[in-house]
Amino acid sequence: MEYAGRLNTIKIAAVPCLIGWCLIAIGSNFTTVLCGRLLTGVAAGMGTSPAIVYITEVAKPELRGALIATCPTLASFGMMLSYLKGAYLTWRTAAWTSVIYVLIPLLLITIWIPESPVWLVARGRVDEAENSLKWLAGEKSSLPEQQLAALVKSQDMKALVTSGFMGRLAGFGRPSGYKPLLVLTGLFFFQQFSGVYTTLFYSVELFKVLDVMDKISNRL
């Protein structure tokens, strides 16, 4: 996303996502469905991070935390929606509806939402960054000019362009790089092994068992 841009990376991630859901919808054997699941998983990993970075770069500081917190909330809502569709629709129909969920945001990003002004300034595209800031703040606001001046003067933007891949990789050798990485890795480790995804993936079977147990208890 540093080379292609935040929104362009999301667009790229939409390609394996669309292919994956189509494979799941038309799959007639285990291998096809598994390949579709693999592609949608890769797409989710590719598209989630740029979206969070984009929100971080365009949102006001006082709203940034709240907006980022909506990401896992919406992810949980999407899972609930999938299970809800599965209760009333065939799994192929549910998969085809997921294609719509990819196409609509992709269309909105393409024709309406501008690229991150932070990334545009880092690439020397100052005029586009100004237009992006005006779209985000409103045409009548005086903030875009002030924000643009601050971005242009920022040394971080120059470092982003000149450091290159090896420079960013070397950054993980410094405390400001490896300490956040260790914290993040630890959090995800305990999240994965706490059983939350095991419960999620087997929720259908769990509800079936609970339903049977409820019927048995009612008869008794």
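**Confidence.** I looked up the confidence of this predicted model and found a mean pLDDT (the predictor's confidence in each residue, from 0 to 100) of 85 for the chain, with 91% of its residues at 70 or more. Helices here are DSSP runs of H or I, at least four residues, numbered from the N terminus. Confidence is highest in helix H1 (residues 6–26), at a mean of 95, and lowest in helix H8 (residues 155–162), at 52. I note that where pLDDT is low, the predicted coordinates should not be read in detail.

**Ground rules.** Residues are numbered from 1 along each chain as its sequence is written, and side-chain values use heavy atoms, without hydrogens and water. Local features need pLDDT of at least 70, side-chain atom pairs count only at pLDDT 80 or more, and totals for chains, interfaces and linings use all residues.

**Annotated spans.** I consulted the unreviewed UniProt entry, which lists residues 12–30, 36–55, 67–88, 94–113 and 181–204 under "transmembrane region"; such annotations may be inferred rather than shown by experiment. In the model, residues 94–113 are 90% helix and 0% strand, with end C-alpha atoms 28 Å apart. Residues 181–204 are 88% helix and 0% strand, and their end C-alpha atoms lie 35 Å apart.

**H2 against H3.** I examined helix H2 (residues 30–58) and helix H3 (residues 61–88), whose axes (lines fitted to C-alpha atoms over the stretch in contact) come within 9 Å and cross at roughly 165°. H2 is therefore roughly antiparallel to H3 (angles over 145 degrees, on a scale from 0 to 180 between N-to-C directions). In contact (heavy atoms within 4.5 Å), Ile-52, Ile-55 and Thr-56 of H2 meet Arg-64, Leu-67, Ile-68 and Cys-71 of H3.

Methods
Helices (H or I, at least four residues) and strands (E, at least two) are DSSP runs, numbered from the N terminus. Angles under 35 degrees count as roughly parallel, over 145 as roughly antiparallel, 65 to 115 as roughly perpendicular and the rest as oblique.
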